[in-house]
Amino acid sequence: MQRLARNGGTAELLRWLSGRSDGWAGIAGSDGTVLSAPGTVAPDVPQPPDVPRLVADGVRALAERGALAYSHDTGAHTALLFPLYADDRGAAPLLAVVTSRPVAAGLATLLADVLMPLSLCWEAEAVERKRRRVDLAESRGREAVLHLLMTGQLSIARQVAGALRPRLPDPVRVCVVECPGGSRDEVARVCAEADGGRSWIVRCPVYARHLILVMPAEEAPEGTATDEAVAALVDHCVVGVSEQVPLADTATGYRQAFHALAVAREHPARHVRFGLTPEPALVVGRAGRQWAEALLTPLLTHVPRRAQDPGSQELAATAASWLAFSSHATGHLKVHRNTLAARLKLIGELLDLDLHRLADQSALDLALRIRATPAPVCTPDPGEPARTADSAHADGTAAPAHANGAAHDLDEVLRRPAVQEWAARQLAPMGGPAGPAAEETLRAWLGCEGRLGPTAAELGISVPGARKRLTRLETVLQRSLLRPPSARYDLWLALRAQEVKP
């Protein structure tokens, strides 16, 4: 009994007890409900007539009599019940055994002996179940705060985070840790110890092997940086880290960290920090903001017909999640795939976009990122002073949604000098000896809407060959291509900017 209690707990003890009693053994609640019954009746023993009913009747009889134990004969079988905790018999679960008559000699003594290890196992397992529920609740709370940060709802995120620890830092670096299989909880513990409890550690709701760390931007007063320490301490662990970003730009930091992670998989140190700047939303200027506002207005002003239908903010969050995670957005948003499909169909209809086309996906992604970027940090147009929220309203008016009576189209935004410079920086890594082949692969992949099969056919190679080319291209560009969040939207915009270059 002691060995089974240590190694198998309640389940193994009940199985052993079922065999020793040549009958059925389980745990019943104080209301007669069977809580655990891994024990089975031996094949050569007559089956008990109705174990749940028999146990429930016995529990009621035990409660009525206020007895320490109960035995009830029903023709060919006997039911035996013992409360697990002698000091709280009224609410304690009970050990229930149903065995054939006559009862084996010494069985009652055996049951009395097994009560102590069985009680300890049951209590320990109950505590462990409660601990897991608490851990799950905290994990879900942290996941909710991360989701609010990713959708730009900073004020609500801080309110929810007030009940948890540590305090949300600002500014931050976002770190994505890819853990060896089945070790995410252990790696989370290593991260917390290496960081001294300064960072927010969230189990990624989309990728089962990923941890997301929202870390203070400043390095710890002493010791190695958390991301470097984790990469050094955990074998086969890969780490990608973003640049320093404001807390409100957590979504940008996550994309950067994910791109760095794609590069780190091929890096000997298994640790890479993102090094490509700036974000396209930072260089589009006022014309880009006007274009984004005009594009998104039908979505942001949408009023649902029914109270249960998604509103404008929920649709915008759905679009951002789907563009970032593709089909994995169901896990991120906690919705069914049919719900996601219905929302995307509505978004496409509201915006008059074909969301199956990479061009329209890229336009929507850029518009949402512009909307999430504070206006004061955007690069102004040549000869135009930088505008702040105060100066924009100094005369009592806001910037118009249209210029010269018409919205700026995307090509006009991409012709801006700052955007042209950004596009050149995105494509500059392909300027080496492998440049022509890399550019051919990239153009074929983007031209085939980011699908591997058509890309392989376009290049005249096998699908594994196309995948290998794109994996090498990830290392060249230092961006993730094959797994979302993918850089395909930025790269499509960069190539389009080259095509419309003035």
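Among contacts in the protein chain between residues at least 6 apart in sequence, 65% join residues at least 24 apart. The model is predicted. Its protein chain has 20 helices and 10 strands, and buried residues make up 49% of the 502 residues. The accessible surface of the chain comes to about 24,300 Å²; carbon and sulfur atoms account for 53% of that surface.

**The antiparallel sheet**

- Five strands form an open sheet in the order β2-β1-β5-β4-β3, and their pairing is antiparallel.
- At the edges are β2 (34-36) and β3 (70-74), each of which pairs on one side only.
- On average, neighbouring strands of this sheet are turned by 30° against each other, direction ignored.
- Strand β1 (residues 23-28) pairs with β5 in the antiparallel sense over six bridges.
- Across that pairing, Trp 24 stands opposite Val 98 in β5, and Ala 25 stands opposite Val 97 in β5.
- Strand β4 (residues 77-83) also runs antiparallel to β5, and seven bridges join the two.
- Leu 80 stands opposite Val 97 in β5.
- Helix α2 (residues 9-21) lies across β1, β2 and β5 and runs at about 145° to β1.

**Cover on strand β5**

- Strand β5 (residues 94-100) is mostly covered, with seven of its seven residues buried.
- In a regular strand the side chains alternate between the two faces of the sheet.
- On one side of β5, Leu 94, Ala 96, Val 98 and Ser 100 are buried.

**The mixed sheet**

- A further open sheet has five strands in the order β7-β8-β6-β9-β10, with mixed pairing.
- Its edge strands are β7 (200-203) and β10 (271-273), and each pairs on one side only.
- From one strand to the next, the twist averages 15°.
- Strand β9 (residues 238-241) pairs with β10 in the parallel sense over three bridges.
- The bridge partner of Val 241 is Arg 273 in β10.
- Helix α4 lies across β7 and β8 (210-216), running at about 105° to β7.
- Helix α8 packs on the sheet and touches β6 (172-178), β8, β9 and β10; the direction of α8 makes about 40° with that of β6.

**Helices α4 and α8**

- Two packed helices are described by the angle between their axes and the distance between the axes.
- The axes of helix α4 (residues 107-150) and helix α8 (residues 250-264) come within 7 Å and cross at roughly 100°.
- That angle makes α4 roughly perpendicular to α8, because angles of 65 to 115 degrees count as roughly perpendicular.
- Leu 146, Leu 149 and Met 150 in α4 meet Thr 250, Ala 251 and Tyr 254 in α8.
- The residues of this contact divide into five nonpolar, one polar and no charged.

**Arg 443**

- Arg 443 is found in helix α17 (residues 435-447).
- Its relative accessibility is 34%, so Arg 443 counts as partly exposed.
- Not counting residues up to four places away in sequence, Arg 443 touches Leu 495, Gln 498 and Glu 499.
- Arg 443 and Trp 492 are 49 residues apart in sequence and 8.6 Å apart in space, C-alpha to C-alpha.

**Backbone exceptions**

- Most residues other than glycine have a negative phi, and most peptide bonds are trans.
- A cis peptide bond with omega of about 0° joins Asp 170 and Pro 171; Pro 171 lies in the loop between α5 (154-161) and β6.
- Pro 484 and Pro 485 are also joined by a cis peptide bond, with omega of about 0°; Pro 485 lies in the loop between α19 (463-477) and α20 (488-499).
- Lys 334 has a positive phi of about 60° although it is not a glycine.
- Lys 334 lies in the loop between α11 (329-333) and α12 (337-351) and is partly exposed, with a relative accessible area of 48%.
- Asp 352, a residue other than glycine, has a positive phi near 60°.
- Asp 352 lies in the loop between α12 and α13 (358-372) and is exposed, with a relative accessible area of 70%.

Key:
Residues numbered from 1 in each chain as written. Predicted model: local features only at pLDDT ≥ 70, side-chain atom pairs only at ≥ 80, totals over all residues. Heavy atoms only, no water. Helix = DSSP H or I, 4+ residues; strand = E, 2+ residues; numbered from the N terminus. Buried < 20%, exposed > 50% of the residue type's maximum accessible area, 1.4 Å probe, protein only. Contact = heavy atoms within 4.5 Å. Areas by Shrake-Rupley, 256 points an atom, 1.4 Å probe, with all protein chains shown as cover. Axes fitted to C-alpha atoms, helices over the stretch in contact; angles between N-to-C directions. Parallel < 35°, antiparallel > 145°, perpendicular 65-115°, else oblique. Nonpolar A, V, L, I, M, F, W, Y, C, P; charged D, E, K, R; others polar. Pairing = 2+ DSSP bridges.
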